[in-house]
Structure formats: C-alpha cells, structure tokens
Amino acid sequence: MPDTLNIRIGQGFDVHAFGDGDHVMLGGVRVPHARGVQAHSDGDVVLHALCDAMLGALALGDIGKHFPPSDDRWKGADSRAFVRHCDALLRERGWRVGNADVTVICERPKVGPHADAMRACVAEDLGIEVGAVSIKATTSEKLGFTGRGEGIAAQAVVLLVKA
C-alpha cells in the first residue's frame, strides 16, 4: 500500500517503579520527590512514552530496540538525547511531530507546577512550538501501583505530519 497519507499517529506508554533518590526526571525537568525511580537511564517516563509514540507512528520499533537496557552506553543517560535521536529518525524519513499530548499518572509528585518547563524542554528538543506540546497529569484515585505510590507512569500520543 503506498504511503499516501500525510499524517501518522503513534501512542506510547512507560512505567517505572519508585526506588531510592530525591527526585524524578519528568519531561527533561528534575522534579523534587521523596523517591527516585528504578531505571537503566534517567527513567523519564514522559520522554520514554513520547519516544515510543514517535517510533510507533512510523513502525520503527520501540524505545527498548533503540536504547536497550543491556547496552551500558545508556546507563544513567539523559532521556532528552533519546527524544532528539527519535526526532532525527523521523526527519530523515520526511516526518516531524505536529503535536504531542502526554499524561503522567501518579499520586505524587505533583506535575502541574512543572508542566510548563516540561513543555518547553520537549518543544525545544522537537523543534516545534510550545503550543504543540501538552503535558498534564492525573491520579489513579489511589488504585493500583500508582495509587499506592509504588511507581509512576505516562502515556503519550503524537501526530506526525510530512515535513
């Protein structure tokens, strides 16, 4: 089937358990928190979900394929580098992110006070307007692992357009 559509949609999801630490990375922003996350890289669920959405929109696999936890190059890595890499893959194929919508799922930390800074980081890394990036949060009403404060999750949706 020829690629005649000028748009593609992708969705992504990421989760990390809380562990030792005094902050979490969310959308490229260091957010103070009583716990850190257990992860091979910096564990930024916002950016990991975003990468999966970008890669999925063009059927390029998932974040684990491109940045495997078995590869020591990515140990403690800044996830903003992942986003820039994924963006380059899209642009090499003639696509760019038109807009991105990310939802963080957790009881704590509170995301709202940091959402604008996260939007600015994502927009910068994708080379798009801040108005094309939405970062919001919800709780799970104290249900499940996020509700019990055991971890944090994020889901993302992106619309790709021909560059």
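Student: How many bridges join β5 to β7, and do the two run parallel or antiparallel?

Tutor: Ten bridges link β5 with strand β7 (residues 151–162), and the two run antiparallel. Strands here are DSSP runs of E, at least two residues long; helices are runs of H or I, at least four long; both are numbered from the N terminus. Two strands pair if DSSP finds at least two bridges between them.

Student: What kind of model is this?

Tutor: This is a predicted model: local features need pLDDT of at least 70, side-chain atom pairs count only at pLDDT 80 or more, and totals for chains, interfaces and linings use all residues. Residues are numbered from 1 along each chain as its sequence is written, and side-chain values use heavy atoms, leaving out hydrogens and water.

Student: Back to β7. Which residue stands opposite Lys162?

Tutor: Trp95 does. Arg96 has Val161 of β7 as its bridge partner.

Student: In what order do the strands of the open sheet come?

Tutor: Five strands form the sheet, in the order β4-β1-β7-β5-β6, with mixed pairing. The edge strands are β4 (36–37) and β6, as each pairs on one side only.

Student: What holds paired strands together?

Tutor: Strands of a sheet pair through backbone hydrogen bonds, either parallel or antiparallel.

Student: And how many bridges do β1 and β7 share?

Tutor: β1 and β7 share eleven, in the antiparallel sense. Gln11 stands opposite Val157 in β7.

Student: Do β5 and β6 pair in the parallel or antiparallel sense?

Tutor: β5 and β6 are parallel, with six bridges. Ala100 has Val133 in β6 as its bridge partner.

Student: Which unit do β5, α4 and β6 make?

Tutor: They make a right-handed β-α-β unit. Right-handed means that, with the strands pointing away from the viewer, the path from the first strand over the helix to the second runs clockwise.

Student: How far does α4 reach?

Tutor: Helix α4 (residues 115–126) has twelve residues and reaches 16 Å from its first C-alpha to its last, close to the 16 Å expected. The expected span is 1.5 Å times one less than the number of residues. Just after α4, Gly127 takes a positive phi of about 65°.

Student: Which residues of α4 are buried?

Tutor: Ala115, Met118, Cys121, Val122, Ala123, Asp125 and Leu126 are buried. Buried means under 20% relative accessible area, exposed over 50%, partly exposed in between (1.4 Å probe, protein chains only). Their cover includes α1 (45–57), α3 (79–92) and β5 (95–105).

Student: What is Leu50 in contact with, leaving aside neighbours within four places in sequence?

Tutor: Contact means heavy atoms within 4.5 Å. Leu50, in helix α1, touches Val83, Ala100, Val122, Leu126, Ala156 and Val158, with those neighbours left aside. Leu50 counts as buried because its relative accessibility is 0%.

Student: New topic. Which residues does UniProt list for "binding site"?

Tutor: The unreviewed UniProt entry lists Asp14, His16 and His48. They span 35 residues in sequence, yet no two of their C-alpha atoms are more than 10.3 Å apart, so they gather at one spot. The lining of the largest pocket takes in His16 and His48 from this set. UniProt positions follow the numbering used here, feature names are shortened, and annotations may be inferred rather than shown by experiment.

Student: What counts as a pocket, and as lining?

Tutor: On a 1 Å grid over the protein atoms alone, a pocket is an open set of points with protein on both sides within 12 Å along at least five of seven lines; a cavity is a set where a 1.4 Å probe fits but cannot get out; lining residues have an atom within 4 Å of a point.

Student: Is His16 buried or exposed?

Tutor: His16 is buried, at 13% relative accessible area. His16 sits in strand β1 (residues 7–19).

Student: Where does Glu141 lie?

Tutor: Glu141 lies in the loop between β6 and α5. Its phi is near 55°, a positive value in a residue other than glycine. Glu141 counts as exposed, at 64% relative accessibility.

Student: Last one. What kind of peptide bond joins Arg108 and Pro109?

Tutor: A cis bond, with omega about 5°. Pro109 is in the loop between β5 and α4.
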